[in-house]
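Hello,

Here is the structure for your review. My notes follow it.

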Amino acid sequence: MTHDARELYERHGRKLLAYACALLRDPSAAEDVLHQVFLNVLRGRAAIDGEPARYLFRAVRNTALNHIRGQSREVELAAAGIWLESPDGSQETAIALQSALRMLPDEQREAVVLKIWGQLTFEEAAAVVGVSPNTVASRYRYGLEKLKEIWK
Amino acid sequence: MDELDDFEARLRAFRPRRPASIPDARLQRLRGPIWVAVAAGLAAVMFVASRLQKPAPEPAQPLPPVTLGALNALADRPDALDAALAEISRTTLPDITRPGGVLERLSKF
């Protein structure tokens, strides 16, 4: 890996994996998508213009959506993979949160993950998703409330 | 609102796990064409270099021994004798007509 790609992978890898997991609900497929995005960066195919994080989140989104479209059948994706680490190290807690996240509508889950674990502002998240910041903020608030209900 | 802020903070305490490194096999596929290009480049350089090298001079053929008997045998065939003497002189005598040769030097006196 070139220095730049390695640095980007180190800096944004966790956030991007979380986002890919939110979109795909399958950590293994999410990791594959993430690798694909970075292989494109390494090949020099990535037209990173401006802030790399914005490009990377969008690239992960597009690649993940292509992956979903490529699925030949509706698959209830595996819940086995753990992509969140609980502060107390408990796998059960992490799995419970992941399960709760899976129960959110896709758009709300996407907004929550971009804001909480992607550490993006509403403006940045809106640019990634391609909607207005108000829409992302609204999805985020609804998602957070619903998640709080589900995951007690 | 405070409740949601607390909940948000609780969520932030979770950390996404670190993704695995990109598998070597996938990186290798990426490197493949580069190495092929390098190998092809080296092969091309070696080919051109080998073509530019002057061919090694061929070793001089050992002359057949010239014997009086052999010349006598050709005496009754003047054409064959002339050809044999011309061949012997071509290979044994210095070329005085070559540039920088004896004739050229003498012509300067």
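Chain B has five helices and one strand (DSSP runs, H or I of at least four residues for helices, E of at least two for strands, numbered from the N terminus). From the N terminus on, the order is α-β-α-α-α-α. Of its 109 residues, 4% count as buried; that takes 20 or more other C-beta atoms within 10 Å of a residue's own, with C-beta atoms placed from the backbone.

This is a predicted model: local features need pLDDT of at least 70, side-chain atom pairs count only at pLDDT 80 or more, and totals for chains, interfaces and linings use all residues. Residues are numbered from 1 along each chain as its sequence is written, and chains are lettered from A and ligands numbered from 1 in the order in which they are written.

Now the core. The largest nonpolar core has 45 residues (buried Ala, Val, Leu, Ile, Met, Phe, Trp, Tyr and Cys joined through C-beta atoms within 7 Å). Those with the most contacts inside it are A:Y19, A:A20, A:A30, A:V33, A:L34 and A:V60. In chain A, α1 (3–24), α2 (27–43), α3 (52–70), α4 (91–102), α5 (106–116), α6 (122–129) and α7 (133–150) each give two or more residues. α1(A) gives the most, with eleven.

Take A:A30. Beyond its neighbours within four places in sequence, A:A30 is in contact with A:L17, A:A20, A:C21, A:L24 and A:W83 (C-beta atoms, placed from the backbone, within 7 Å).

α5(A) is mostly covered, with nine of its eleven residues buried. Among them are A:Q108, A:R109, A:E110 and A:K115.

Best regards

Terms used. A residue is buried if 20 or more other C-beta atoms lie within 10 Å of its own, exposed if 12 or fewer, and partly exposed in between; C-beta atoms are placed from the backbone. Two residues are in contact if their C-beta atoms, placed from the backbone, lie within 7 Å.
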